[in-house]
Amino acid sequence: MSLMGKNLPNTLTVSRIFAVLIFVAIASVAHLDVISDKTWVFGLRLAAVILALLAGLTDLLDGYLARKYHWVSDFGALMDPLADKIFVTGTMLMAVEFGIIPAWIAIAVLFREFMVTGLRTLAAKKQVVISADRWGKLKTALQMTMLGLAGIAWAIDGGRDYLHSASWAGIRIWYIWLAFMTGIVLVTIFSGLGYFIRYRKLFMGSEEEK
């Protein structure tokens with residue numbers, strides 16, 4: 001394989017970081033307080049959502065390429081999880097700002113993400129690799145679904161008005177949305193606890209073992 005091919009996962013990782021920064025910049029101005037033309041506001045919101053979705057897809061693609069072709073590097077091992085955290089943090093904080101996701105949801109998800117990152121850092125120092133299990137993959141899929149739905153709701157009308165006022169089968173959409181997010185938080189937390197239980201010897205061993 002060429003050097004360019006081997007560097008493709010790293011290129012995708014770096015592009016994900018820049019995509020999140022551009023997404024945040026566009027999302028910050030894509031509302032009627034800044035731009036009076038509703039058509040422009042919708043266009044900017046749609047562009048921001050598409051950019052965020054593409055950034056999320058690069059996470060799947062760079063991981064797939066690295067595993068399939070063994071394009072693993074120290075840079076990728078360091079930056080890929082960092083890029084993931086930047087993506088989740090950036091998109092969730094914007095959703096909180098626009099009133100689409102409650103702050104406690106974002107805090108719970110980010111708490112788990114950084115705790116597991118710390119565990120993986122500790123494991124790496126002891127030459128132990130912690131791979132994502134089925135619960136971790138389910139957590140990621142659910143989080144991406146939540147962020148995707150939040151982005152679509154925001155692109156349509158800013159999200160907040162529809163989520164808080166519309167109803168489905170006599171139930172306010174907000175309560176359905178909140179129940180869905182709460183389920184994701186539970187899966188997120190339990191998947192994180194699973195890692196700490198499974199790899200508890202990493203931080204509960206004796207001094208001799210360390």
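User: What makes H6 and H8 count as being in contact?

Analyst: Contact means heavy atoms within 4.5 Å. By that rule, residues of H6 including Trp135, Leu138, Leu142, Met146 and Leu149 meet residues of H8, among them Trp177, Phe180, Ile184, Val187 and Tyr195. By class, this contact has 12 nonpolar, five polar and one charged residues. Here Ala, Val, Leu, Ile, Met, Phe, Trp, Tyr, Cys and Pro count as nonpolar, Asp, Glu, Lys and Arg as charged, and the others, Gly among them, as polar.

A word on the source: this is a predicted model, where local features need pLDDT of at least 70 and side-chain atom pairs count only at pLDDT 80 or more, while totals for chains, interfaces and linings use all residues. Residues are numbered from 1 along each chain as its sequence is written, and side-chain values use heavy atoms, with hydrogens and water left out.

User: Why are H6 and H8 called roughly antiparallel?

Analyst: The axes of H6 (residues 134-157) and H8 (residues 173-198) cross at roughly 150 degrees and come within 9 Å. Those axes are lines fitted to C-alpha atoms over the stretch in contact, with angles from 0 to 180 degrees between N-to-C directions. Angles over 145 degrees count as roughly antiparallel (under 35 is roughly parallel, 65 to 115 roughly perpendicular, the rest oblique), and H6 and H8 are therefore roughly antiparallel to each other.

User: What makes the phi of glutamine 127 worth a look?

Analyst: Most residues other than glycine have a negative phi. Glutamine 127 is not a glycine, yet its phi is positive, at about 60 degrees. You will find glutamine 127 in the loop between H5 (103-125) and H6.

User: Which residues does aspartate 157 contact, leaving aside its neighbours within four places in sequence?

Analyst: Aspartate 157, which lies in H6, is in contact with Arg45 and Tyr162 once those neighbours are set aside. Aspartate 157 and arginine 45 are 112 residues apart in sequence, and their C-alpha atoms are 9.5 Å apart in space.

Terms used
Helix = DSSP H or I, 4+ residues; strand = E, 2+ residues; numbered from the N terminus.
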